Amino acid sequence: MFGPHCYFLFLTSAAVVTALSPQQISSYTEHCKRSSPKFNKCMKNALQLFVNDLNKDIIDGETLDPWVMPELPLIYDAGVSEKMSVTLLGVSLHGLSNLIVKNVRSNLKDKTKLRMEIDLYDNLMYFNGNYSAELSSNTEVPITAEGSFNITLVDLKGTLLLKGRTVKRNNVDYLQIDRASIKPDVGNLYIDVVGENDPYPELTALVMSLVNQYWRLVYYEALPLIEEGLDEIIRSYMDEAISNIPFDTIVPA
């Protein structure tokens, strides 16, 4: 099992990609011709403009910074003896519009081997919301707890690597993403939990102190799982967003 900060890195990437819609994609990138020697610079500027607009009214009058997430259940089953379930409620992610697109590198000449690398950086993102938790075992009465939490990510950076190809439908090329790889690097992380009916507040405080002190050990151990999980999330959302947009509309020849 990896820590809660790992789940929130999943959600951070999902939030950015969820914001995409077919109309938005083409409106931001339609001026970037892939045959141009300035394509990478144009795409960098287009993506940065998209990010800058995340805190504006763009979807049903609601902004995407902060991004309000759906209820998120997390379950850890240690076998027949112990089980822990945590449900996160009313979670908001702040700081997406502070994201900086540092650079873009691409190779779109061969439609069977498309490749793009996007360097990203954000100096500060944070989540806040509420939680309810239950720890149960075969030998003891279940322990329940609820309260609020705040998770702060400092100096978050990484390179998103997209690999794909075009597929032809009705004699029209469409983009298919086969791989979306990113290894988020976190400069620092802080977790604060306030329990409203915590039966063991001293123990909770000790655990949070240890998590804030040694989170890197857990994070880097879980990094391969994080990378695979992000690949599935990003490819799923991108496929939903671009599957019906012709390749030449997204990035004209």
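Which residues does Gly187 touch, not counting residues up to four places away in sequence? The points below start there; the model is predicted.

1. Contacts of Gly187. Leaving out residues up to four places away in sequence, Gly187 touches Val154, Asp155, Trp215 and Arg216. Gly187 itself sits in strand 8, which spans residues 185-195.

2. Gly187 and Leu153. These two residues are 34 residues apart along the chain. Their C-alpha atoms are separated by 7.6 Å.

3. Exposure of Gly187. The relative accessible area of Gly187 is 28%.

4. Val218 belongs to helix 4, made up of residues 201-242. Its relative accessibility is 36%, so Val218 counts as partly exposed. Patch membership requires over 30% relative accessible area, and the 36% of Val218 is given above.

5. Second largest pocket. The volume of this pocket is about 160 Å³. Its lining consists of Arg34, Ser36, Pro37, Phe39, Asn40, Ser106, Asn107, Leu108 and Lys109. Two or more lining residues come from each of helix 3 (39-52) and strand 4 (100-107).

Definitions and conventions. Residues numbered from 1 in each chain as written. Predicted model: local features only at pLDDT ≥ 70, side-chain atom pairs only at ≥ 80, totals over all residues. Heavy atoms only, no water. Helix = DSSP H or I, 4+ residues; strand = E, 2+ residues; numbered from the N terminus. Buried < 20%, exposed > 50% of the residue type's maximum accessible area, 1.4 Å probe, protein only. Contact = heavy atoms within 4.5 Å. 1 Å grid on protein atoms, 1.4 Å probe; cavity = no way out; pocket = protein on both sides within 12 Å on 5 of 7 lines; lining within 4 Å. Points joined across faces, edges and corners; volume = space filled by probe spheres on them.
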